[in-house]
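Here are a few exercises to work through with your viewer open. Try each one yourself before reading its solution.

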Amino acid sequence: MVLHMKKNDVQAKATLVTASKMSQKKYPNGLVSVLKGYAFCSFPVDEFIDGVYQKAKSNDVKNPNIYLNWGEIQYNAKEYGPASTAYQYAFNYDPKNVLSHYLLGKMYNAARNNDQAIIELDAALAIDPAFVPAMKEKGDAYYEMNKYDEAAIWYDKYIQVTEETPQTLTRYANVLFFAKKYEKTHEIIAKVLKLEPNNPYMLRLMGWVSFETKNDADGINALQRYFQLKGDTAKMILPLDYDYYAKLLQRTHKDSLAVIYYQKSMAADSSNK
């Protein structure tokens with residue numbers, strides 16, 4: 001039902017208002033579900049949901065789920081201070097609540113306080129070492145800190161215990177490339193391109209990593225397809241794209257064409273300054 005609600009904001013809001021009225025009369029614990037639905041739909045904080053929150057607290061002030069959902073509502077509104085306070089209330093009332101530490105870590109990542117995020121994510125993993133979302137979030141934190149070796153470790157753990165999707169593999173490939181684990185990067189990109197042959201970002205990265213691994217034919221083919229998808233002069237193309245392509249051409253003795261792409265790289269670099 002909640003998934004259906006998310007497709008229609010007006011109907012979803014009306015449903016939650018009705019549910020809150022029923023909950024106040026007959027099902028006090030239902031207010032927590034209203035908060036959860038509001039968080040899931042990413043509605044902004046307003047007088048209605050603030051009233052639900054206050055009523056839910058008056059019914060059961062020590063229920064951590066009230067604060068977890070209120071924290072999510074605040075997080076969705078990018079109100080990180082109130083979100084942090086809510087999550088802290090949650091684990092004060094339930095010190096073994098893995099979600100409170102995970103969500104606080106996720107919030108710190110969003111606020112670019114990655115060091116603090118790692119502290120909270122470590123706390124979540126201390127409670128439940130197999131808590132998969134915390135593994136990915138910890139990888140994200142290290143990635144944002146440019147600590148690519150550490151990020152690769154946590155993405156590897158995450159990938160081993162979750163379904164491989166183009167989205168997760170794409171992020172993993174990026175981490176591996178910046179960690180200079182080029183052979184593994186090539187392997188992961190190949191997996192993504194089997195699922196999504198025209199994934200432009202993976203074609204780009206295949207071009208880059210193929211130069212590093214001396215798989216020149218793969219690199220030239222990937223960047224040719226990338227340029228065809230993006231248009232050879234598109235703004236999305238980076239100077240490094242032209243540079244890597246030029247180096248691949250030069251190494252395969254296509255010197256005159258390589259010069260053209262070195263010139264493109266310099267021109268693109270100048271236009272970005």
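**Before you start.** This is a predicted model, in which local features need pLDDT of at least 70, side-chain atom pairs count only at pLDDT 80 or more, and totals for chains, interfaces and linings use all residues. Residues are numbered from 1 along each chain as its sequence is written, and side-chain values use heavy atoms, with hydrogens and water left out.

**Exercise 1. Find how many helices and strands the protein has.**

Step 1: Take the DSSP runs, numbered from the N terminus: helices are H or I with at least four residues, strands are E with at least two. Step 2: Counting gives 16 helices and zero strands. Step 3: For burial (under 20% relative accessible area, 1.4 Å probe, protein chains only), the share is 45% of the 273 residues.

**Exercise 2. Describe how helix 7 and helix 9 pack.**

Step 1: Two packed helices are described by the angle between their axes and the distance between the axes. Step 2: Axes are lines fitted to C-alpha atoms over the stretch in contact, with angles from 0 to 180 degrees between N-to-C directions. Those of helix 7 (residues 98-110) and helix 9 (residues 132-144) come within 10 Å and cross at roughly 25°. Step 3: Angles under 35 degrees count as roughly parallel, and helix 7 and helix 9 are therefore roughly parallel to each other. Step 4: With contact meaning heavy atoms within 4.5 Å, Tyr102, Lys106 and Asn109 of helix 7 meet Pro133, Ala134, Glu137, Asp140 and Ala141 of helix 9.

**Exercise 3. Decide how far helix 13 is enclosed, and by what.**

Step 1: Helix 13 (residues 200-212) spans 19 Å from its first C-alpha to its last, close to the 18 Å expected at 1.5 Å a residue; the expected span is 1.5 Å times one less than the number of residues. Step 2: Eleven of its 13 residues are buried, so helix 13 is largely enclosed by the rest of the structure. Among them are Trp208 and Phe211. Step 3: The cover over these buried residues includes helix 11 (166-178), helix 12 (182-195), helix 14 (216-230) and helix 15 (239-251). Step 4: Helix 12 has buried residues too, including His186 and Ile189, and their cover includes helix 11, helix 13 and helix 14.

**Exercise 4. Is Ser265 buried or exposed?**

Step 1: Locate Ser265 in helix 16 (residues 255-271). Step 2: Its relative accessible area is 9%, so Ser265 is buried. Step 3: Leaving out residues up to four places away in sequence, Ser265 touches Pro239, Tyr242 and Asp243.

Note on methods
Angles under 35 degrees count as roughly parallel, over 145 as roughly antiparallel, 65 to 115 as roughly perpendicular and the rest as oblique. Buried means under 20% relative accessible area, exposed over 50%, partly exposed in between (1.4 Å probe, protein chains only).
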